[in-house]
Every structure is written in C-alpha cells, then in structure tokens.
Amino acid sequence: MDYRNLAKKYGTPLYVYDFNHISTQYTQLKSAFSGRKSLVCYAVKANSNLSVLKHLANLGAGFDCVSIGEVKRALMAGAKPYQIIFSGVGKSDDEIKIALQSEILMINLESEAELDRVEAIAKELNKTARISIRINPDVDAKTHPYISTGLNENKFGVDIVTAKKMYLKAKNSAHIEPVGVHFHIGSQLTDTQPIIDAAKIVSKILSELKSLEIDIKFFDIGGGVGITYQDEEAVNLYNYAQGILAALNGQDVTIVCEPGRFIVGNSGVLITSVLYEKFNKNKRFVVVDAAMNDLIRPSLYDAHHGVEFVGENEQNSTCDIVGPICESGDFLAKNIWLPTCKSGDLLVVKSAGAYGFSMSSNYNTRVRAAEVGVEDGKDRLIRRRETFEDLVAFETEFLK
Ligand code: LLP
C-alpha cells in the first residue's frame, strides 16, 4: 500500500482499511463452517463505518449490534433484518421497540427483568419477539480482564439455572418466541479451547431445552477469535470450527458467530505524521499527530500495536511514540526501535482496524481522523475528517 500517497491525498492521522483483506477474513471464517448451516454476524462495534458494513453485507454477512444505533447502521448499509442480532446488557424501551418493529432476527436477552420488558413491549405492539438468552457459562477466557466476559463476576448474561427458568417463561408467553442460545466469553482469544469448553456446556442446555419442547434454532458462539498483533500464534480456524461441531454432538442448529476483531483488526492501519522528536534527559520521544483519542487501545489495555517507519533509515534507537494530548497515558507505543525521525516522516500503526476509530473521541477538542477504504488497489474516502465546526455544532446554537 502506498502510505505516502494516501497521507498526501487525505492528510493524517488517517485510518486506512484494506477491503480485500476484510473479504478474505470473512470468507475464511464462513468456510470453516462450510457444510453446516451458519451465519457470520459481524460485530459492528469493532468498526462501524457504513462502507465497511456495506462491504460485509454484500458478502452475505449478518450483524451483531449492541445499540439501536448499530442496528440502524447495519440496516442503512443494506443488511437484511433477519440477519441482525441485538445484544447488550441494557436496552432502553425505545431500542426494544425499534428492534421489534424492524423485524430483526433476534433480541439477545441478558436478564430476567429484560425478558419482562421485551414481553411487555411486544404485547403493546402486538408482536412476537424472537429472542435468545445470553448464558454465562462461567468459563475463564484467559484474556485481558477488561475484555473477559464469561465469568460470573462479569456483568454479562445469566447463569444456567436462571437461563432455563427464562426459557420456560418465554415458551409459555404469547409474545415471546425463544429461537436462540448465546454465549460470548471474551475477546482476543488466541486459544479457542475456552470457547469450545463453553460450547460444550451450552450444547448440553440445548438438548435439555429440546426435551422441554423448546426448539432452539440458533446456536450463537459469540466472537472473540484473536488475531496476531505481535507474536501471537494465529488461531487455527479448522480446529475452532471442528471443536464447536463436536460440542454440538449432531444437534441440528444454525451456528452463529459474532467476529469483530478477526474480520477487521488486521485489515486496518492508522497512518500518523511525525511532528518532532524530543529528549527528556536520555529518554527519547517521537511526538506524532495521532493520539489516544484516535487509538485508545495502548493507553486503555496496554495493547501492543506494531509501528512501522515509512521509508529507509538505518539509525535505530528506542523511543516512545506519543501524541499531543495532555495525559501521560497518551502513547501509541513504548520502547520501540525506530530510525531518527524528522518532521513530516510517516509512521504506520498496524492492526488498528478493530476498536480503533470506533473507540475514538474528541478529547482535547481534537477532530476525529478521516477513514479511507482501499479495494483492488483503488482508494476512496469513506468518512471525511471532522472539522472544528462539526465539534462545536451542538453547542453554538445555545451560546449566549
Ligand atoms: N459479541 C459480543 C457479545 C461481544 O461483546 C463482542 C465484543 C463481540 C461479539 C466481538 O468480539 P471480537 O470478535 O471482536 O473479539 N475494545 C476491546 C474489545 C472489546 C470487545 C467487546 N465485545 C479491545 O479493543 O480490545
């Protein structure tokens, strides 16, 4: 990819996504379950750019959404309503209402109280709500505590006993149709065995439900498939899929998965320009025009993102890559080897396609970066850079 040309054309900081790579990732995962009924529901939160969603919708993907905003984005991008799942621990009445009116595939419930709300709203609208229940299988995903979700100490889902109670209640309701089971135990799992272990637990519940004449059609295994940021071994998709199939033990269901990072993580980079170098005593800092507001993962999770210098330069020494925000936590990389940089040199922050732009903010009144998609060698702007006027637009009308 010609980073120099892209930076010149669109400015920096700039997110660039390789749409061909997105297709490859999607196809790989879809094929891992070939021969079985499956639905790959891309987790919109990872990267919710409309053009990314449209690209995936064209490939046949479904969508996993965690707010009605994400549902609306998916629909706007051409998603089929019956391929949309709406999850999340706290859905408002309005969100539930719109989800029901949109005739999406299923609402994923995360508490008993939510079942009651959905039932009441469905009744009011004279509709039947298709639901799944997020089961917390109490399995340790062995990932960063902030992105581990399958333990009882996490806020997500309901325990097995509560889930069964909810399924019975749902079965007996005139306005609820239980169609799915769901679990998601964490993100960036480079060992998928914990997902398979969880699948075994949930698969057992599936057969118990069957004996209660609750016919579940969708077995949703969540997302979480990890990617290589540094030296993590790539996940073996064949073993992952085979493990899930074995856990299902021949039960006839559609396998749903909700990958976010796996689809877009290594499909995107963040290009940033060097502003200058500085030394505090012996400590070398390279100050760049991207900051924690553009990519918060290093600050928030101590996440590693590879950084590549664009161009040739032999002189290496270690440095921190830092942004202009007034926080010591504002760094993109620490203690990495880099050539001597001068103002205007470009750095490419790798593996930034997932939870990069989607977690960006306007902190320090910084405009959010532009986003560009590249497909078959052709680049196009898919989100323009924000302007100062965009940032103050919601306030100016109230200014006295
Ligand atoms: N399904 C559910 C119910 C989820 O909560 C998530 C992610 C996914 C699917 C997609 O997971 P993935 O395949 O991308 O691992 N901001 C963090 C990641 C938070 C993930 C939250 N849930 C990060 O930057 O690492």
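In this predicted model, eight strands form a closed barrel in the order β2-β3-β4-β5-β6-β7-β8-β9, and their pairing is parallel. On average, and with direction ignored, neighbouring strands of this sheet are turned by 30 degrees against each other. Strands of a sheet pair through backbone hydrogen bonds, either parallel or antiparallel.

| Strands | Sense | Bridges |
|---|---|---|
| β4 (residues 84-86) and β5 | parallel | two bridges |
| β6 (residues 129-134) and β7 (residues 176-182) | parallel | six bridges |

I85 has M106 in β5 as its bridge partner, while S132 stands opposite G180 in β7. Strand β5, comprising residues 106-109, is covered on both faces. M106 and N108 lie on one side of β5 and I107 and L109 on the other, and all four are buried.

The nonpolar interior is described next. In soluble globular proteins, nonpolar side chains tend to be buried together. The largest nonpolar core here holds 104 residues, and those touching the most other members are Y42, F63, F219, Y240, I244 and I321. Helix α8 (residues 193-211) supplies the largest share of this core, with eight residues. The core also draws at least three residues from each of two domains: domain 1 (3-14 + 267-396) and domain 2 (35-260). The surroundings of Y240 illustrate this region. With residues up to four places away in sequence not counted, Y240 touches L29, F33, T192, I195, I196, I221, G222, V225 and C257.

D320 belongs to strand β13 (residues 316-322). D320 counts as buried because its relative accessibility is 6%, below the 20% limit used for that class. Apart from neighbours within four places in sequence, D320 is in contact with K283, R284, F285, V286, A333, K334 and N335.

C326 lies in the loop between β13 and β14 (331-339). Is C326 buried or exposed? C326 is exposed, because its relative accessible area is 62% and the class begins over 50%. An unreviewed UniProt entry places the feature "active site" at C326; such an annotation may be inferred rather than shown by experiment.

Notes. Residues numbered from 1 in each chain as written. Predicted model: local features only at pLDDT ≥ 70, side-chain atom pairs only at ≥ 80, totals over all residues. Heavy atoms only, no water. Pairing = 2+ DSSP bridges. Axes fitted to C-alpha atoms, helices over the stretch in contact; angles between N-to-C directions. Buried < 20%, exposed > 50% of the residue type's maximum accessible area, 1.4 Å probe, protein only. Contact = heavy atoms within 4.5 Å. Core = buried A, V, L, I, M, F, W, Y, C linked by side-chain atoms within 4.5 Å. Domains from an automatic or database assignment.
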